[in-house]
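Let's walk through a protein model together, one feature at a time. Keep the picture open as you read, and look for each residue when its name comes up.

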Amino acid sequence: MTAELVIKNFVDVMAGFKPGRSIVSDPFNVGDTSMAIRVYLNGRDKDSKGNVGVFLWNHGDVDISVKCEFITEVQTKEFDYAEYVKPRNGWGYCKFLTHAKCAEAFKDKDFIVTTK
């Protein structure tokens, strides 16, 4: 299963986001569970402000154990089946990329995160 989220004008959009706000992909299914990619453009909370967070989000009603890889042009991270994604919650990385790294890497292009 592969899903993708594209954010156009990323550096401009990133600058206007407050911590805790996110952009969410269209839903996709992993087995019978509805999932999505959720990107926090200025951190999931105050502790991760100044960073872009990337999460796999569980829209379902049960815990799901998954192996997941997040891929962007400048960073790839993964987790395996030891991690459970709780219902109505996500699992991922609060500090996937810093704003400084994003400003440099995505100044003239879209931010694309692919989840496998």
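## Salt bridges: what to look for

A salt bridge is counted when a side-chain nitrogen of Lys or Arg comes within 4 Å of a carboxyl oxygen of Asp or Glu. With that cut-off in hand, you can look for such pairs here: the structure holds four salt bridges. Three of them are described below, after a quick check on confidence.

## How confident is the model?

What you see is a predicted model. The protein has an average pLDDT of 93, and 100% of the residues reach a score of at least 70.

Where is confidence lowest, and where is it highest? The lowest mean, 88, belongs to strand β9, made of residues 84-85. Strand β2, residues 22-24, has the highest, at 97.

Start with R88, which forms a salt bridge with D61. Their closest N and O atoms are 3.1 Å apart. R88 sits in the loop between β9 and β10 (89-98), while D61 belongs to the loop between β5 (51-58) and β6 (64-65). The two residues are 27 residues apart, so this pair links distant parts of the chain.

Now find K86, which makes a salt bridge with D63. Here the closest N and O atoms are 3.6 Å apart. K86 is in the loop between β9 and β10, and D63 is in the loop between β5 and β6. This pair also links distant parts of the chain, 23 residues apart. K86 is partly exposed, with a relative accessible area of 47%, and D63 is partly exposed as well, at 40%.

## A bridge from K109 to E73

Which residue does the side chain of K109 meet in a salt bridge? The partner is E73, with an N to O distance of 2.7 Å. K109 lies in the loop between α2 (99-105) and β11 (111-115), and E73 in the loop between β7 (68-71) and β8 (76-79), so the pair ties together parts that are 36 residues apart in sequence. K109 is partly exposed, at 37% relative accessible area, whereas E73 counts as exposed, at 55%.

## Two residues with positive phi

Next, turn to the backbone. What is the phi value of N9? The angle is near 50 degrees, which is a positive value in a residue other than glycine. You can find N9 in the loop between β1 (3-7) and α1 (10-15), where N9 is exposed at 54% relative accessibility.

## A last stop at D108

Finish in the loop between α2 and β11, where D108 is found. D108 is exposed, with a relative accessible area of 71%.

How far is D108 from N51, in sequence and in space? They are 57 residues apart in sequence, and their C-alpha atoms are 19 Å apart in space.

Terms used. Residues numbered from 1 in each chain as written. Predicted model: local features only at pLDDT ≥ 70, side-chain atom pairs only at ≥ 80, totals over all residues. Heavy atoms only, no water. pLDDT = per-residue confidence, 0-100. Helix = DSSP H or I, 4+ residues; strand = E, 2+ residues; numbered from the N terminus. Buried < 20%, exposed > 50% of the residue type's maximum accessible area, 1.4 Å probe, protein only.
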